[in-house]
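Here is a short briefing on one protein chain. Keep the sequence and the 3D view open while you read.

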Amino acid sequence: MKRKKIKQLLAVTLTATMLAQPVGAQMVFAEDAVNVEQQEQTEQQEQTEQQEQTEQQEQTEQQEQTEQQEQTEQQEQTEQQEQAEQQEQTEQQEQTEQQEQTEQQAGETIEAVLQDGEAVIPADADLNQVKEILGKTLVKNADQVDLNSLEWEYRCEGKSGLLKNTAWGSIGGFTSETGNLIKTTYTHPSLAANTDGDYKVRLKGTTTEVTLKKTQKLTSAISTKADTNVNLVYNEDGSINYDAVRQNIFNTVVESTTPELTVNDVTIEYYATATTGAAVGFGKEWMPLEGGKSGVLNYPAMGEGTQEIKISYAGTDVYFGASAKATVNIGSDKKQSVIAFKENPTIKLVYNDDLTVDYMAVKEAIMNDVIDAENSSPKGLSLDNLTIEYYATATTGAAIGFGNAWAPLEGGKINGLTYPGIPEGTQKIRVTYAGDKENTAVTAETAITVMDREQSAFNLNELAEGAASYEVPMAFNEDQTYDYEGTAKAIYNAVVASTVPENLTADDVTIRYNAGTDRIKNWQPLNTTDWTSTFTKFGPSEWTIQFSWAGNKEYKGVTAEVKVNVTDNRLASAIVCKEGASFTYNMDAAVMKQAIFDNVIDWENSTLPAKDTLTVDNFTMEYYGSNTLAGDIDGGVKQWAPIEGGTVTLLTYAQMGAGEQQIRISYKGNADYRPSAQTESTVTVNKAKVKVKVKSTSIYADEALPEDFVTMNPADKFDVYTVYGGLTSNANLSLYLDLPDKYTNSAVLKLLDPIVEKLYGKTFTQMMNDGMTVGELRQLLSTQELLDLLEKLHIDTGTFGQILKVLNNMPSIADSVRVSFGTPNRVGLYTVTAITDNKNYETGVGVGTLLVKMRSKGVKLNWNERFVNGKITAEDAKNFDFKATLSSDGDVTIAQDNVHYLYSGFTSKWKPYSSTTTPPTEPGSYVMTVVTLGGNYQAAPITRGFKITK
């Protein structure tokens, strides 16, 4: 009860105090009232915890007393009983007080007491948030009232198009109506969404009104002092610590702020002037103290002097932003630095081994020979704290006042222009000291003389009397190619008498020739492969030659140009050929070239280097021949071609063959002899001999011959005609002629077919498919028109004489015997004669045997149709397939002409029946047997019995 009364007195006191305060401060007192209540709750909790600690301590003491008074149990029980009674009385008393408080609270009803006030209500606040804000702002006794239960209304203006109406309604927004007959509805926004201003507010169902000053944010302010002084703050390296300067400005210039702000809450800028473009009112901008870039203009960092400062606060969700300006005197307590120079200073450029300037050495020379360190301050100036530049002229764009800038001694790129390193001559330099924590920055300029290395030179020999150029012989390699290195040395030694520095050789100098014109020069090394010199390759002729030396650490480079006439002073060469020379054809063209080298060239009468110093590769050897078409057909276009053959003007030429041949030879030249003219001669190339071997073997009828069945030595390309003659397994005489592959070539057949058809009524292709008799073959191979055509096809018709000779030597060969084309396809034993044809070789003949074996493994006879229970009716027998099919490993496409049948038995009238061709059809009992006789496949016989019924 006592705590309740204290709380009521505190609420009354707070209410009275808030009414005496401005509206803005009432919110703070309302919050303080809440804080008082929270403090009371905290004190009550602390009392409860203290009481619990006391009870725990009493229990501990009770336990200790129990342990000490074990002997007096009766006294201990008495004390415990007294404590229990005392505890019951205490609990009963507390329950009574709590019940009285609850009854008193239930009997009281506390109403909200309203007051005017000012509140910040964000535009996006929801209804519950607005209620909470209004409760804390407008209710004096907010700590005694359930704020969430309060329903608020406010008076505001609603709109319906251009019409307006002021009415009361919910703070969450509402509508209102006017008019009796014609109703007009107005829309009123929520309090949060409405504009800032004063509004009448009341609780729903009451008439007591108060005024709410609504705002979305509070006003902020920054107050500054006038005529303040602030010093710049420096880091150890002499740079300005602008964070520290900002803090000093804030501490010195700012007098007060609303709300309370720190330097981290504001932005401090100064009114800067751009380094360029500040004329006519332009080039001024509020910039950070560190300076920066705005648009295309650069602004420096704030320095000493009177500066206009602006301090800006951006604001928050609660406060609007604010800014204030002030004039501040920015000073520094540094010592004045000085850079002094020596009088009439001169330095020399220093070079590295790669002939680049050692700019660090140049800087050291300026430090030692240009800067007067004794009269400069502070002491201890060095290249570590100085920046040295020179006033440079760009390699391009230097006209009309452009292209000049302060650049590093080593040059570089500045504003898009390229500046070279400091050159020789009089140069203006600028030395800059950035300053440090105790000394000011300083820049000083002076003129210096820069000296380069001594000039080198080529001292040239005098030209011969009346000569316009130096004459130098061309140097050649042993393979007759130009010796560019030797020629360059010869030119240098012939032209240069002496050099500065002394003893420069051709190896030290770059020697080039002008592959361009006098106006547009194109300097190239003598052995250039550059495409721009394609039409002006270096060789014997008059050239403009350039000598260039890059220089060294002590001497500058030098370039000189001279006219040089390069001549070919080698001995003239000539080839004489022997008359009536001959040698034998060889499939290796290199062997024939060697034969020409040894047997055709007349070494005694030719003008050439010694024979033992030369090889075939030193000569170009060709023959005059015709091109060849597909199928080795003579193309008829004659021209000079390499001995080994090849492609000439897109036509194909074979290797030079046997017969009388026209050749020409030329010498390629070497370092001492010029190339010779071409010398023509006629030679005889004799046909070579060939050995033919037939490797006797055996094959099955369905197998191909092995690749090495017929071989030749040498293994050149030959057309092979193979004659097979022998007896088949049927004891029949069989004759085969296997022609070369060219006879199946479409180009060859296109020429052969019309002539053969004209002579014999059918084409050669048809003859090969149908076969012919020996007599027809003799007649065909004796036809002159055909023989002339075959000569054009590069076929040696003498080979046909050998074929006919083989046929005539076979026993029992008559003109009526048929000749098949291809290899034997019937089982039998054959004599094989292989006859070779190549225009470069004599006709070769080889003999052997071929056994074509009958295949029995995997060969079977299978009935085409089977009887049902060994019976068939006479009617069905008429259409029944009695035959069997011969197969080899399941292949039923093999020849069936060696399958034979035997039908035997008795009719139902006991009449005997036997036939090898026709199966029975009358009723009776029969047996049939199927066998294979001769042919290429041998199968076991098969037999079956059957009855034919009515």
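This is a predicted model: local features need pLDDT of at least 70, side-chain atom pairs count only at pLDDT 80 or more; totals for chains, interfaces and linings use all residues.

Residues are numbered from 1 along each chain as its sequence is written, and side-chain values use heavy atoms, with hydrogens and water left out.

**Confidence**

- pLDDT is the predictor's confidence in each residue, from 0 to 100. The chain averages 85, and 85% of the residues score at least 70.
- Residues 1–42 stay under 50 in pLDDT. The model has 42 contacts beyond four places in sequence for them; contact means heavy atoms within 4.5 Å.
- Residues 100–107 also have a pLDDT below 50. That stretch has three contacts in the model beyond near neighbours in sequence.

- Helices (H or I, at least four residues) and strands (E, at least two) are DSSP runs, numbered from the N terminus. Two strands pair if DSSP finds at least two bridges between them.
- Five strands make an open, mixed sheet in the order β49-β54-β53-β51-β52.
- β49 (871–873) and β52 (912–915) are the edges. Each has a single partner strand, so one side of each is left without a neighbour in the sheet.
- Neighbouring strands here are turned by 25° against each other on average, direction ignored. Axes are lines fitted to C-alpha atoms, for helices over the stretch in contact, and angles run from 0 to 180 degrees between N-to-C directions.
- β51 (residues 899–907) pairs with β52 in the antiparallel sense, over four bridges. Ser-904 stands opposite Ser-914 of β52.

**Strand β42 and its partners**

- Nine of the 10 residues of β42 (residues 719–728) are buried, so the strand is largely enclosed by the rest of the structure. Buried means under 20% relative accessible area, exposed over 50%, and partly exposed in between (1.4 Å probe, protein chains only).
- β42 runs antiparallel to β46 (residues 828–837), and 10 bridges join them. Tyr-724 faces Val-832 of β46.
- β42 also pairs with β43 (residues 733–738), in the antiparallel sense, over six bridges. Val-723 stands opposite Leu-737 in β43.

- A five-strand open sheet has the order β32-β38-β37-β33-β34, with mixed pairing.
- Its edge strands are β32 (582–584) and β34 (633–642), each pairing on one side only. The twist averages 35° from one strand to the next.
- β33 (residues 619–629) and β37 (residues 659–667) pair in the antiparallel sense over five bridges. Met-621 has Ile-665 of β37 as its bridge partner.
- α8 lies across β32, β33, β37 and β38 (679–686). The helix runs at about 155° to β32.

**The largest nonpolar core**

- A nonpolar core is a set of buried Ala, Val, Leu, Ile, Met, Phe, Trp, Tyr and Cys residues joined through side-chain atoms within 4.5 Å.
- The largest one has 50 residues. Phe-583, Val-600, Phe-619, Ile-663 and Ile-665 touch the most other members.
- Helix α8 (residues 589–599) supplies the largest share of this core, four residues.
- Val-600 touches residues including Val-576, Phe-583, Ala-595, Ile-663, Ile-665 and Val-683, not counting residues up to four places away in sequence.

**Helix α4**

- α4 (residues 127–138) has 12 residues, which should span 16 Å at 1.5 Å a residue. The expected span is 1.5 Å times one less than the number of residues. The end C-alpha atoms are 16 Å apart, which agrees.
- Val-130, Lys-131, Leu-134, Gly-135, Thr-137 and Leu-138 are buried in α4.

- Thr-258 and Pro-259 are joined by a cis peptide bond, with omega about -5°. Pro-259 lies in the loop between β10 (254–258) and β11 (266–273).
- Ser-377 and Pro-378 are joined by a cis peptide bond, with omega about 5°. Pro-378 lies in the loop between α6 (359–369) and β18 (386–393).
- Asn-503 is not a glycine, yet has a positive phi of about 65°. The residue is in the loop between β27 (496–500) and β28 (510–514), and is exposed at 67% relative accessible area.
- Asp-889 has a positive phi near 50° and is a residue other than glycine. Asp-889 is found in the loop between β50 (884–888) and β51, and is exposed at 63% relative accessible area.
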